[in-house]
Amino acid sequence: MVGRRGLFLTSAMAFGFAFLYLPILLLILYSFNASRLVTVWGGFSVKWYGELFRDDQILSAAWVSFEIAAMTATLACVLGTIAGLVMSRFGRFRGRTLFSGMISAPLVMPEVITGLSLLLLFVALEQAIGWPSGRGVTTITIAHVTFAMAYVAVVIQSRLAGLDESLEEAALDLGARPFKVFMTVTLPIISPALVAGWLLSFTLSLDDLVIASFVAGPASSTLPMVVFSKVRLGLEPTINALATLLVLLATLTILVSAWLMQRQERNQRRQAARALAAEAEEAATTD
Amino acid sequence: MSELEAVGHETAGRGSGWLARKARGAGRGLVIAIPYAWLFLFFLTPFLIVFKISFAEYALAQPPYTALFEFAEETYLKVTLALSNYQFLFDDPIYVLAYLNSLKIAAISTLIALLLGYPMALGIARARQPWRNVLLFLVVLPFWTSFLIRVYAWIGILKNNGLINNALMALGVIDQPLALLNTDIAVYIGIVYSYLPFMVLPLYANLEKHDTALLEAAADLGRKPFSAFLTVTLPLSLPGMVAGSLLVFIPAVGEFVIPDLLGGADTLMIGKVLWYEFFNNRDWPVASAVAIAMLILLVVPIMLFQHHQSRQEEN
């Protein structure tokens with residue numbers, strides 16, 4: 001396998017990963033640059049981090065964004081799990097085609113269209129019934145939940161599709177009610193997918209500029225909106241500092257959750273092995 | 001069919017659904033109704049409103065469009081449908097150009113991403129075990145960090161006194177900075193950079209499943225590695241290529257952030273046109289007409305294609 005082709009694949013990978021990571025590494029490197037000129041090195045300094053934490057506009061926008069992202073992720077997980085369950089465990093029902101269309105459409109919808117259409121809905125609703133009065137955190141959260149739940153539904157649905165239904169069937173045959181079966185059998189098995197869905201929704205919400213710009217009111221700016229307005233005016237060293245912190249946060253979150261999921265899987269496997277061993281022992285003694 | 005057979009049949013079919021049989025009546029309907037109602041209200045209804053407003057006219061009012069339905073003299077309903085917005089889309093060449101240009105930019109970016117992502121995916125699929133997971137993790141990680149900031153990173157690299165130009169001038173390759181930022185090239189780089197993981201992952205998922213025995217058989221039959229790749233690996237990986245290309249192409253067509261930050265004033269893309277129509281010209285009816293046109297010319301074909309594909313996979 002090693003040889004000319006191995007060399008080609010290795011160098012292609014090296015180029016690809018350099019392409020993916022060099023810009024991020026440069027961003028991090030220049031966040032420690034003393035010079036205000038973002039592309040000229042002027043010595044090591046952490047002053048931009050200090051400036052970042054004194055920037056009230058960024059701090060309050062970050063708080064708004066994290067708040068919206070946490071609410072979005074939680075709501076999208078609830079709605080998306082139900083939607084994924086409906087798609088994979090409910091068989092046929094009237095309106096299923098429309099339902100599956102509405103679940104998959106947000107994934108291919110250009111953000112500008114989603115943003116515009118939701119804004120027009122909120123304006124029309126306000127005119128008609130007086131809710132939502134003004135736009136802000138609530139309208140952004142509703143908009144984010146709508147597209148994030150589609151992603152969660154896909155994650156949950158693919159997990160459920162790869163899952164043997166016999167466990168759930170067995171619990172039903174033993175007389176458990178469907179809701180109890182879901183809570184005690186289905187939910188624990190799909191919990192890694194649920195964690196992945198929550199993190200995915202959180203990231204999508206935290207990252208969204210376009211939809212939030214349409215449905216945000218004048219008083220509520222999210223972090224991407226503030227970053228965008230600063231970046232449009234030119235390079236800004238505090239944005240480099242912010243970028244470094246966000247990259248660090250994302251890396252830590254992903255590493256920790258991957259580690260937790262691996263540990264949980266190992267525990268489950270160990271428990272299953274122990275249960276099997278106990279059963280075998282019992283069978284041996286009764287014989 | 002006996003009861004037992006029915007149960008056996010339903011468990012055999014994947015996703016047949018135990019809830020379909022056990023949970024009937026009000027409870028089941030309620031569970032379906034929750035996500036159904038949400039999507040109906042916040043996903044489907046908005047499009048009907050966009051459709052309606054695309055027939056309104058711009059007005060200096062709050063909100064800035066005319067009403068379609070009015071009760072004239074309080075007796076009969078007067079309906080005014082303005083088709084002028086749609087006519088405007090065809091009269092002003094900027095919209096047709098922006099639409100075609102979006103398709104072109106998205107297609108070229110997708111091709112570059114495919115050429116760059118394919119060998120990466122193949123390399124990861126052929127890597128040995130602890131390495132494979134590490135490489136996969138490295139592909140996925142950028143996706144979890146802010147998209148906006150990853151695009152921002154390229155401004156510092158591409159601009160006139162940016163890193164590429166500084167490096168090339170220091171090496172004496174060029175005397176004058178190359179114009180990289182605010183060009184179509186910068187947009188291609190931005191799109192490929194942002195969506196490369198979406199290309200690599202489905203390709204990897206496909207390539208990883210290939211049976212290496214096929215390649216060995218081809219080698220035994222005297223095929224050179226490259227020829228074996230062309231006749232065995234490449235055709236088998238076609239579904240992965242289609243899936244990855246769609247995942248890059250779809251968001252790229254409607255992209256706003258990348259052409260706005262990295263592209264020039266003359267980089268026309270339909271998502272950017274809609275944004276400017278709405279935020280700068282404040283013309284909600286024309287923006288709505290652009291959205292409806294995008295929906296019909298872009299989203300509907302993509303959804304039909306995906307529907308067709310999943311049908312084919314089922315067969």
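Let me start with the nonpolar surface patch of about 460 Å², which is made by Phe53(A), Leu59(A), Leu245(A), Leu248(A) and Leu252(A). A patch here takes residues with over 30% relative accessible area and no salt bridge, joining like charges within 9 Å and nonpolar side chains (Val, Leu, Ile, Met, Phe, Trp, Tyr) within 5 Å. Accessible areas come from the Shrake-Rupley method with a 1.4 Å probe, and for residues only the protein chains shown count as cover.

This is a predicted model, in which local features need pLDDT of at least 70 and side-chain atom pairs count only at pLDDT 80 or more, while totals for chains, interfaces and linings use all residues. Residues are numbered from 1 along each chain as its sequence is written, chains are lettered from A and ligands numbered from 1 in the order in which they are written, and side-chain values use heavy atoms, leaving out hydrogens and water.

Back to the patch. Helix H11 of chain A, residues 237-286, gives the most to it, with 3 residues; helices (H or I, at least four residues) and strands (E, at least two) are DSSP runs numbered from the N terminus. Leu59(A) sits in helix H3, residues 56-89, of chain A. Its relative accessible area is 33%, so Leu59(A) is partly exposed, the scale being buried under 20%, exposed over 50% and partly exposed in between, with a 1.4 Å probe and protein chains only.

Helix H11 of chain A also holds Thr238(A), which is buried at 3% relative accessible area. Leaving aside neighbours within four places in sequence, Thr238(A) is in contact (heavy atoms within 4.5 Å) with Trp48(A), Glu51(A) and Leu52(A).

Next, the interface. The area buried between chain A and chain B is about 8500 Å², and carbon and sulfur atoms give 81% of it. Buried area means the accessible area, 1.4 Å probe, that two parts lose on being put together, summed over both. Phe19(A), Phe90(A) and Met102(A) supply 8% of what chain A buries against chain B, more than any other three residues. The contact takes 91 residues from chain A and 92 residues from chain B.

How many salt bridges are there between chain A and chain B? The count is 1, a salt bridge being a side-chain nitrogen of Lys or Arg within 4 Å of a carboxyl oxygen of Asp or Glu. Arg232(A) and Asp260(B) form it, with the closest N and O atoms 3.0 Å apart. Arg232(A) lies in helix H10 of chain A and Asp260(B) in helix H13, residues 257-261, of chain B, so the pair joins two chains. Arg232(A) is partly exposed at 41%, whereas Asp260(B) is buried at 13%.

Over all chains, the whole structure has 5 salt bridges. Asp55(A) pairs with Lys230(A) at 3.4 Å between the closest N and O atoms. This pair links distant parts of the chain, 175 residues apart: Asp55(A) is in the loop between helix H2 (47-54) and H3, and Lys230(A) is in helix H10 (residues 223-232) of chain A. Asp55(A) is buried at 18%, and Lys230(A) is buried at 17%.

Last, chain B. Val187(B) lies in helix H9, residues 184-207, and is buried, with a relative accessible area of 0%. Val187(B) and Gly263(B) are 76 residues apart in sequence and 5.5 Å apart in space, C-alpha to C-alpha.
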